[in-house]
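Let's take a walk through this one together. Have the viewer open and follow along.

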Amino acid sequence: MKSGAVVMFNSADINLLAGFEQLPNSLTSKAFTADKIEFLSEISKRLLTHKDRPNVVALAYWLRKSNVASIEREYTAKQKGAAKLEPAGLVFQIAPGNVDALFAYYWSLSMLQGNTTVTRLSAERGEDAELILNCLQTVLDEERFSSIKGQSSFVYYDHEKTEYTQTLSLQCDRRVIWGGNKTIERIQRYPLKSSGKDIVFPDRQSIAVVRYDTTWTDEIKDRLSKALKTDITSLGQGACAAPLAIVWLGKVAEISAFLEREWAKIEPRFGFDQVNSLVFLHQSCALGGKRISASSVILENNTPILSTHTRSGLWHFIYQNIEDLDVESFSGIQTIGVFNIDNIEYKNLEEFRSACFGKHLTRLGRMLNFNVQWDGIDSLSALSVSYFTRPKWLQTAK
Amino acid sequence: MENSITKGCRVKMGDQLTLLADDEVFGLNAKLKSEWLLSRLNDLTRHHVENCQPYANLLKGMGYAQVAGSLGEVPFVHTRLFKLLELMSIDRNAVFKTLQSSGTTSSGKSKIFLDAHTARLQMKVLTQILQHFTGRQRRAMLIVDLPPVQGGETLSARNAGSNGLAFLGRNHCYAMNTDGEIDLDAVKSFFSSHRHEPILIFGFTFMLWQFVTTCRDNNLKESLNDAVFLHSGGWKKMLAQQVDNETFKMAVRTQFGADIKIHNFYGMAEQTGTVFVECEKSYLHAPAYAHIIVRDEQTFSELDENQQGLIQVLSALPESYPGHSILTEDLGTIYGEDDCLCGRKGRYFNVMGRQVVSEVRGCSDV
């Protein structure tokens, strides 16, 4: 069993928001034990009562028993044959400022696998994060969950107080850095111990791909705009998985006519800020775009680099087929959310995604749904160590 | 655009900018001004369309007309665009100076590219506008800031700014020592050697306040009979200390005499040269080289007088970059045109502070 040195999480410079006040003596425990699953289920039930908070409810669904069971099945499936998984030890997670619930998803995966997890929350965290932390605190204090509490700490310290980042970086076995390029750059100045590993989530951009059809009814248009609304407004366009552009597939003339005619009616649902959108329009037009509404621009002959998008509006690209897209322009995208795409086209999209190193292909309206596989990283493998048991020579030696 | 700058225009029109006569700077009524300025601004729009591809794209993509029928129709660009793109209407080799300003709301610095011609134009017009208030004779000048760092390239923007106005005066004295403290001995000696002459005191509003309160706390009282206080910079820090413009003026007058002229001025790096100076009636005034429009924060349509909205600034000067019409992030109210009790023509207004911009929460916040 790995053990932790004494690091206290409750002093003038560091606030314990929930969980245990220091690193435990033993850093690892058995994966997917009954109390762990029961604990998450209890959290799930409590969070589900906050119906007015969609991001909290989404987390509650993720933590419910049936979903945890499917994660466990995936975990077990990885242990076929001689390959076995063991907890990595101490996981140090640096949560992002814009996605309040994200820390809890990754913490739950780390915890289920038997790791000790220290999560540093952001100063920018919002009400959702506070609500989740309060709930965690209450349930962790129950006697029956004391062993889980012993392996979980949720802390806040000013990011100027680098000594905590330094100490935890040197002690941890896995360092999980959310928060984009700048945060990664800043945190990676502090070395890990030689066996430690970083799991990083850099800045990413995401797009929607929609096959247009002139026969669309109002009901279909409504479904499209609802799905887009979910992906754009749940966490705002600042989130890496929220769509910044829509790639329309179909006849250019038909799609242009549709956008010019109807887009200005659909778009207000997405709640863009008017001033930020004006800046977005000016920049996008300067890059060669044509305004079609208060927050949208058609870019016909060029595809600006997605990383220059100011995240307050939508770029619209129109192509006949997915094969016509320039792979270079979309290189490194994260999530592709699709709408009205048939099986054959889906296969082409899968090839496109792979060619531009895209990380995730999903349905529009579900782009933000968290997954064990996130941003190209399989968190079950990343948060554990893999070893071989019963090597072949042992089986064959008689 | 032509390169020559001559002075003494009696409201002529044409491709090149002829500087206005001194009495025209605040002497053109709305009709004369809009004829002269609109023609100049339309020339500038055409010039930038021809010489700056992103600007031409912007106008086309937004559906903005190139030729405006009134000042309110001159197409504008949002000030943040200068942070996102490098906009210039000159060859990169002709860049003489790049101004950088940080602004306060969003990250990144705006970049303004000047060639020698536009820089010269800005300087001439700035001098003409400020001399309207300080007089053409150069005054002995007390600069309330640190002395410039000799040979140092790391001038802070503030330090560079206050030294940028040194040309307005002579016999310069710096009121602060290199540690940023008010140097009372230097100030006393400046006052005693220029007691009977017109003097000019310049500094950023917040520094001048520090200067005045330090003099007050040290009982340094002077009766300056012909002094002009020029100051600029935001009121944010001042209002945090519960100091508004009237309190500020009162404190200055208590310390240095009731007849002192005090002028605040408003301007931005994106339109250096055409500054808006506060008159005796406490309104900021648009000189004939510039114009001000207030727009609705949501719809961006032009608002009437006495309504608060986003300030758009128009300037006759920017030739090397497409910044002749900019929508700012400042909030203000126009109170009238040509009929200010101070007697100056042009629109008069006040600035109420900066718009609260909802930042897009990005991943990289920690």
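Predicted model: local features only at pLDDT ≥ 70, side-chain atom pairs only at ≥ 80, totals over all residues.

Residues are numbered from 1 along each chain as its sequence is written, and chains are lettered from A and ligands numbered from 1 in the order in which they are written.

Start with the sheet in chain A. Seven strands line up as β10-β11-β12-β9-β8-β13-β14, in an open sheet with mixed pairing. Strands here are DSSP runs of E with at least two residues, helices are runs of H or I with at least four, and both are numbered from the N terminus; two strands pair if DSSP finds at least two bridges between them. β10 (290–293) and β14 (360–363) of chain A each have a single partner strand, so they stand at the edges with one side left without a neighbour in the sheet. On average, neighbouring strands are turned by 30 degrees against each other, direction ignored. Zoom in on β11 (residues 296–298) and β12 (residues 314–319) of chain A, which pair in the parallel sense over three bridges. There A:Val297 sits opposite A:Trp315 in β12(A).

Next, the helices. In chain A, the axes of α1 (residues 34–48) and α5 (residues 127–140) come within 10 Å and cross at roughly 135 degrees. Axes are lines fitted to C-alpha atoms, for helices over the stretch in contact, and angles run from 0 to 180 degrees between N-to-C directions. Residues in contact here (C-beta atoms, placed from the backbone, within 7 Å) include A:Phe39 and A:Ile43 from α1(A), and A:Ile132 and A:Leu136 from α5(A). By class, this contact has seven nonpolar, no polar and two charged residues. For the classes, Ala, Val, Leu, Ile, Met, Phe, Trp, Tyr, Cys and Pro count as nonpolar, Asp, Glu, Lys and Arg as charged, and the others, Gly among them, as polar.

Finally, how do the chains meet? The contact takes 26 residues from chain B and 37 residues from chain A. On the chain B side, α2(B) gives the most, with six residues. α2(B) packs against helix α11 (residues 274–286) of chain A at about 115 degrees, with the axes 7 Å apart. Among the residues that meet there are A:Leu281 and A:His282 in α11(A), and B:Tyr55 and B:Leu58 in α2(B).

Terms used
Contact = placed C-beta atoms within 7 Å.
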